[in-house]
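Reader: I would like to learn how to read contacts between side chains. Could we work through some cases together?

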Amino acid sequence: MMQTASLEDEKKEILRRYRRLLKMAKPVLKDGDSLLIKKAFNMSVEAHKGMRRKTGEPYIYHPLAVAQIAIEEIGLGTTSIIAALLHDVVEDTEVELDEIRKVFGLKVAKIIDGLTKISGTFEHGSSQQAENFRKMLLTLSDDVRVILVKLADRLHNMRTLESMPRDKQLKIASESMYLYAPLAHRLGLYSIKTEMEDLYLKYTDVDTYRMIVENLRSSRDARNKFIKDFTAPIQAELRRQGFSFEIKGRPKSIYSIYSKMKKQQIPFEEVYDLFAIRVIIDVEHEMEKASCWQAYSIVTDFYKPNPDRLRDWVSTPKSNGYESLHTTVMSKTGQWVEVQIRTRRMDDIAEKGYAAHWKYKEANQQNRSGLDVWISKVRDMLAQSDSSAIEFVDDFRSNLFNEEVYVFTPKGELRILPNGSTALDFAFEIHSEIGNHCIGAKVNHKLVPLSYILNNGDQVEILTSKKQKPNEDWLKFVVSSKAKSKIKDFIKENRRQAALEGKEILYKKAELLGLELNDEVLNELRVYFTSKTHNELYYKFGKNIIDPKELKRFKIEKEQKHKSQNQKISDAKTFEKVLKEVKGEGSDMLLIGEDMDKIDYTLAKCCNPIAGDDVFGFVTVNEGIKIHRTSCPNALELMSNYGYRIVKAKWTSQKELEFLCGLKVTGTDRVGIINDISRIISAELRVNIRSIAIESENGFFEGTIMLYVIDTAHLDTLMNKLKEIEGVHHVIRFT
Ligand code: MN
C-alpha cells in the first residue's frame, strides 16, 4: 500500500513538473507545438519507465529538468524542448532514432543523434575522447542546438552531482571545467558558465568553497548598504534625465573570487571587487549606444573612473556576442567599483547567450555578429584541420580561452584575433595566400617583423613577396589555428613535392651510375644516408640535403665491400689482409658466427661441422671460405695439397646458432623404444628433431635421426642420455 501511494505521489510530481515546463514554454509555442511536446514527454516517460537516477528519483525528472533549463535559462524553443525530453532515449532505452524521425521529423532526430554521439565523457589527452570532442564541434557547425541542449544536460548533471560516487564526481566536474564551461562562455552563456565553475569548486575543494560562501553571507548586509549608498546619486540622476532603468549589485561568482585569491595570494577580506554594479537601461534599439554613453557620463560625474579600466564592448562586441560598457570607478570610501552599463537587450544576450542573441538578431536584421563569425570560423577549422585530434583540441581550446585582440586593416576594417596574435596571424586571417607570401608588415605605418605581437587598435598592412614561402620556424610565432593549420599544410605539401622530385633525381642518377635500385639497394641507401623512411630519403635528395654526387661514393663503397667479401680472398694471405681490413690489426682467425656479415663463408656439407668441432677454413675458388671439420674425410687431401688456402677458424660463443647433425642409433628392438628415444630428445632443451626414421629386423633396430644442436657439448650430453636407454647399444654421429 505504501509503495502504491508513493508511486502515485511520484506520478503527480512528474505531471506537476511537466506542467511547469509547458507554462514556461507557452510564450514561444506556435500552433501544434504543445501537442508535439506532449508526445515527446509521453514517449520519454514510456521509454524511461522503471528507470531511476542515482538519487533514487524517477529518471524522467532528468529529461524534464534539462528541457526546463533549455527553455528557462537558455531561451530555446520547441525543437530543443523535444530534443531535451528525448535526449537520453536513444542511448539508454529501446527507442530507435528512426522512430523519433518518423514522429518528430529530421531536425529533432539529427539533434538527438548528435547528442547520442557526444555522450561519452571527455578526458584530455586520450585520442578517443579528443575524437568525441571533435564530433561535438562538428555538430556545432551543423546545429548549435546540439551543444546548447548538451550544456543543459551537463548543467543538470552538475547540479545533481551529490549522489554520484566520488570518482565520477571528480571526473564530471573536471570535464565540465575543462570543456563545457569554456564552451558556455564562448556561446555567451555566462550564468551557466559561472554555475559550472562554482560547482566545480564545490566538488574539488569543498573547504574553500564553503569558506567563500560563508564570508559572502556574513558580509552581505554591509555590502548591500554600500551598494545602496553608492548607487543612490546615480539612480536619482538617471531618473531625473528620464531613463527607464534597473540597477543591480551583482556579487562576483564564488569561483572568480577563488581565482582572484589564488592568483594574487590574498585572503578573502582583501578581494575588493566582490561585486559589480550593473546599470540596465530600457531603450529603443537605435538609441542604445548613445544611452549607454550618457549613463557612463552620469556615473563618472559622481565617481572618478580609472582610465585603464574602460572596456567598450558596445561599439565592438566581443566575438561571443557580449555587449556592455565596463568602467571601474573610485567610490567615496576609496574602494574601486566596477560598473557595467548595458541595455535590456544586451543584458538578455549576456545572460542567455546564443538563443537570445538570435531572437534579437531576427528582429533587427543586423550584420553578421561576432558569434556568427566565430561559428563559421569553427566550421573552417574543422574543414581545414587534418592535425591529430589531440592537437586539434589543444588548438581549439587555446582559441576558446584566449581573449581577443582587435586590429584593423589599412581600409579600417575590424579583425578580431586571439590574444598574442602576430602580424603573420593577421596575414593568414586576411587570406592564406597573403599569409604564405608574407615578408613583414607595417603596423601604424611602421615596419615590423612577421613575429610582431599585435596590440588592440593596431592598423596592420601586410607586405608580401612572391618569393616568400612558409617554413617551420613560422609555427613558433603564430597562435591562431587558421595560421597554424595553413602553415602545416604548406610544409606537408612541400615535403611531398620535394620527395617526388628527390625520387626522380635519385633514379636518374642511379641509372647514370648503372646502379640498380631494387628493394635491397634502396634499403641500403636508406641506412647509408640515415633516413627513417624511403620518403625521407627521397626528400633529402629533393631538398639537396644529400648531394647526388654522394650516390657515387655509396656505389664505390658498396663495390669495395663486395670485392672484399668475395673476390679479393683467393688464398690465406689475402684472407689475412682482408681480415685485418675489416677487423683491425691482430686478428688472424675467422670467428665462426661472429664474422658472418664481413667475411663470406659457409659450413661444408661434407662434414656438417657444429660449434665445438675442431675446424679449419678453406678458401675455395668460387664459393668463398668453407668451414670443414679437421676430421672431415676430405681434410687430409685439402690440407696436404692446398696448404696456402687453409685459414684458421674457430667458433665463438657470441651467437647461438643451430647446426644440423645426424645420429645413428642401434640396439635391441623392444616395444616403446621409439617413444623412449624421441622423449629423451625432445626433453633435451633446445633440440629440434628434423626427422627420425627407425628400421627393425630380427630383433635389432637401426635409427637415423636428424636434429639441430647448439654445439658439441650439447650433442655429447644428448648422445650419453640416448646411450642410457634400455636396449640402445650404440649412438654415433654420422656425416
Ligand atoms: Mn542526460
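Author: We can start with a pair of residues inside the fold. In this predicted model, E323 and R345 are both buried.

Reader: What do the side chains of E323 and R345 meet in?

Author: They meet in a salt bridge, with N to O at 2.9 Å. A contact counts as a salt bridge when a side-chain nitrogen of Lys or Arg is within 4 Å of a carboxyl oxygen of Asp or Glu. This pair links distant parts of the chain: E323 sits in the loop between β4 (311-312) and β5 (325-330), while R345 belongs to helix α16 (residues 344-352), 22 residues apart.

Reader: How many salt bridges does a search of the whole structure find?

Author: The search finds 30 salt bridges. One of these contacts joins R342 and D347, whose closest N and O atoms are 2.9 Å apart.

Reader: Why does R342 count as buried?

Author: Buried means under 20% relative accessible area. R342 counts as buried because its relative accessibility is 1%. D347 counts as buried too, because its value is 6%. Salt bridges can also share partners, and E13, R16 and R17 are joined into one network that way.

Reader: Where do E237 and R240 lie?

Author: Both lie in helix α13 (residues 220-240), three residues apart, which is about one turn of the helix.

Reader: Is E237 buried or exposed?

Author: E237 is buried, because its relative accessible area is 18% and the cut-off is under 20%. R240 is exposed, with a relative accessible area of 62%.

Reader: Now a metal site. Which residues coordinate the manganese ion?

Author: The manganese ion is coordinated by H62 (NE2), H87 (NE2), D88 (OD) and D153 (OD), at 2.2 to 2.4 Å. Along the chain, these donors follow the spacing H-x24-H-D-x64-D. To read a metal site, note where its donors sit. H62 is in helix α3 (residues 61-72), and D88 is in the loop between α4 (78-85) and α5 (89-92), so the pair links distant parts of the chain, 26 residues apart.

Reader: Are H62 and D88 buried or exposed?

Author: H62 counts as buried because its relative accessibility is 1%. D88 also counts as buried, at 10%.

Notes. Residues are numbered from 1 along each chain as its sequence is written. This is a predicted model: local features need pLDDT of at least 70, side-chain atom pairs count only at pLDDT 80 or more; totals for chains, interfaces and linings use all residues. Side-chain values use heavy atoms; hydrogens and water are left out. Helices (H or I, at least four residues) and strands (E, at least two) are DSSP runs, numbered from the N terminus. Buried means under 20% relative accessible area, exposed over 50%, partly exposed in between (1.4 Å probe, protein chains only). Donors are N, O and S atoms within 2.8 Å of the metal (3.2 Å for Na, K and Ca); water is not among the atoms, so sites may look incomplete.
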